[in-house]
Amino acid sequence: MLSFETINELTLKVTCTGMDSLFVKAGSFIAGDNYGAKNYKFEKVLLGPQNNLGQALFGSIARRVTGENLPLMKVQLNGDSVTYYANYGQHIVVYQLAPGEVISVESENILAFTPDCDYSVRFIGVGVLSQKGMATSTLTGRGNNAYVAVLSDGNPIVLSNVGTNNTISVDPDAVICWIGSGYCDPSVTADVSWKTFIGQASGESYQYEWHGGTNVTVIIQPSERRGGISVSMD
């Protein structure tokens, strides 16, 4: 049995009772604590975290094609222990998925998840407007121990329209992930006019939007990925 918690917002603490395993970003282990001889070990994940070899192979190909690279290692925990993980001082958000709940997340923002999460790569078809690309990684809860830890450049904010029917609008390059009962993909709104083509755009020409009736929770980091499409004319 595993549990996730954050220490000082920058470190993931994983407590294991009994025997279990988890997937973490390669190279993210920073410390461990257990009674007696060390009872955990690390294994490189060659294809992917899926249990089915065919799915793992397909996922590996899909990640290479879409740019959703996910360098993972598997931590095999063979007894009670506490292990710690971090990534260059980035902030960490822990979320426990309910069965059937889905988190759509950039692969670069995944720090760790438990085997009770089903992993896949999914084409979303709207990311051409940003650094997010044409695909996203998804983790679906299928058990009572479906923990996910995601990374943020700076202390993130969390927006939710569950129970409010509000419209949530965000910059695609600041989105870390979105969570809901299903994929809950956003629509894209674009504000492109003749000013865009003479270099007079506001710099916020497009956004992701989730409208009322789509129950979603969105986690956003206080920095933008570099890149995206810049449309102007000298």
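Student: What share of the 234 residues in the protein chain is buried?

Tutor: In this predicted model, buried residues make up 47% of the 234 residues in the protein chain. A residue is counted as buried when its relative accessible area is under 20%.

Student: What makes up the secondary structure of the protein chain?

Tutor: The chain comes to one helix and 19 strands. Of the contacts with a separation of 6 or more, 80% are accounted for by residues 24 or more positions apart.

Student: Why does Glu5 count as partly exposed?

Tutor: Its relative accessibility is 36%. Buried requires a value under 20% and exposed a value over 50%, so a residue in between is partly exposed.

Student: How do you know that Asp118 and Arg142 form a salt bridge, and which parts of the chain does the pair link?

Tutor: The N to O distance between the side chains of Asp118 and Arg142 is 2.7 Å, which is within the 4 Å limit. The pair links distant parts of the chain, with Asp118 in strand β11 and Arg142 in the loop between β12 (135-141) and β13, 24 residues apart. Asp118 has a relative accessible area of 37% and is therefore partly exposed. Arg142, with 42%, is also partly exposed.

Student: What makes a set of residues a nonpolar core, and which members touch the most others in the largest one?

Tutor: The members must be buried residues of nonpolar kinds, such as Leu, Ile, Phe and Val, joined through side-chain atoms within 4.5 Å. The largest core has 21 residues, of which Leu97, Ile103, Phe113, Leu139 and Val148 touch the most other members. Strands that each supply at least two residues of this core include β8 (91-97), β10 (110-113) and β13 (146-152). A second, separate core of 18 residues includes Phe4, Ala112, Tyr147 and Leu151.

Student: Which residues does Leu139 touch?

Tutor: Leaving aside residues up to four places away in sequence, its contacts include Leu97, Ile103, Phe113 and Val148, as well as Asp118.

Student: Why are β5 and β8 called edge strands?

Tutor: Six strands form an open sheet in the order β5-β6-β3-β10-β13-β8, with antiparallel pairing. β5 (40-44) and β8 each have a single partner strand, so one side of each is left without a neighbour in the sheet. On average, neighbouring strands of this sheet are turned by 20° against each other, direction ignored.

Student: What makes β15 and β17 the edge strands of the three-stranded sheet?

Tutor: That open sheet has the order β15-β18-β17, with antiparallel pairing. β15 (168-170) and β17 (187-190) each pair on one side only. The twist averages 30° from one strand to the next. Three bridges join β15 to β18 (residues 206-210), and the bridge partner of Ile168 in β18 is Trp210.

Notes: Residues numbered from 1 in each chain as written. Predicted model: local features only at pLDDT ≥ 70, side-chain atom pairs only at ≥ 80, totals over all residues. Heavy atoms only, no water. Buried < 20%, exposed > 50% of the residue type's maximum accessible area, 1.4 Å probe, protein only. Helix = DSSP H or I, 4+ residues; strand = E, 2+ residues; numbered from the N terminus. Contact = heavy atoms within 4.5 Å. Pairing = 2+ DSSP bridges. Axes fitted to C-alpha atoms, helices over the stretch in contact; angles between N-to-C directions.
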